[in-house]
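Here is a short report on aromatic pairs and on a domain annotation. Look at the sequence and the model first, then read on.

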Amino acid sequence: MSALEIADIIGIICFALSGFLIAVHYKLDILGVFISSFLTALGGGMIRDVLADRTPYVFTTNLPVILVVFTVLIALLFKLHKIDDLEGKTAFIISDAIGLVSFSITGSIVAIQNEFNFLGVLILAFLTAVGGGTIRDILINRVPSILVSEFYATVALIIASIMFILEVLELRNLGTITIVFIFGVALRLLAYYRKWHLPKLS
């Protein structure tokens, strides 16, 4: 299994859980829960594949759909919807951070494989990481996380920059990607708990 496939699977599971928790927070019905989970988990990857002129991964294999359904069913089994203030819980923060970094990596890898330049790598990683969540947020009428959240989309751009540099230096392999993954998750969690923000115009 390639690094791209591993990161995709991790990202799908974590973002499906993130979409589930957001849906519960906004008291959506069961269909809304599944729509939120599917959009969050698969929306960014579909945008990535379309821009890279590839048939979307979700259209060629059943694994992404199975992963989302399985994740939602497990969340229901463990009655995560009964827990108050899920968005503030450590499980949600970690799940969202892992999904963000995983999809930043997959977007970067696909861009590099398609010989995109530096800007192309940044944009594809960014859209892969935040695309699904942004579509979900617009659908449920809330301000997208990338516009207000602590150092969120910036992490995707940092990961993409590192991935591009690793490719230029011919150091991109499973080992270095794993290190980038750990660094990215740690950076996102640190930014969240330290409440880091980009400067705002006054």
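A residue counts as buried when its relative accessible area is under 20%, as exposed when that area is over 50%, and as partly exposed in between. Phe151 has a relative accessible area of 16%, so Phe151 is buried. Keep in mind that this is a predicted model.

**Aromatic pairs**

The structure holds four aromatic pairs. Among them is Phe15 with Phe103: the planes of these rings stand at 70°, so the pair is edge-to-face. Phe15 sits in helix H1 (residues 3-25) and Phe103 in helix H5 (residues 90-113), so this pair ties together parts that are 88 residues apart in sequence.

Phe151 and Trp196 form an edge-to-face pair too. Phe151 lies in the loop between helix H7 (145-148) and helix H8 (153-168). Trp196 belongs to the segment after helix H9 (174-194). The pair therefore ties together parts that are 45 residues apart in sequence.

| Pair | Centre to centre | Angle between planes |
|---|---|---|
| Phe15 and Phe103 | 5.4 Å | 70° |
| Phe151 and Trp196 | 6.0 Å | 85° |

Phe151 is buried at 16%, whereas Trp196 is partly exposed at 32%.

**Domain record**

An unreviewed UniProt entry places the feature "domain: Glycine transporter" at residues 6-78 and 94-166. In the model, residues 6-78 are 84% helix and 0% strand. The end C-alpha atoms of that span lie 25 Å apart.

Terms used. Residues are numbered from 1 along each chain as its sequence is written. This is a predicted model: local features need pLDDT of at least 70, side-chain atom pairs count only at pLDDT 80 or more; totals for chains, interfaces and linings use all residues. Side-chain values use heavy atoms; hydrogens and water are left out. Rings of Phe, Tyr and Trp (its six-membered ring) pair if their centres lie within 6.5 Å; planes under 30 degrees apart count as stacked, over 60 as edge-to-face and the rest as tilted. Helices (H or I, at least four residues) and strands (E, at least two) are DSSP runs, numbered from the N terminus. Buried means under 20% relative accessible area, exposed over 50%, partly exposed in between (1.4 Å probe, protein chains only). UniProt positions are given in the numbering used here, feature names are shortened, and annotations may be inferred rather than shown by experiment.
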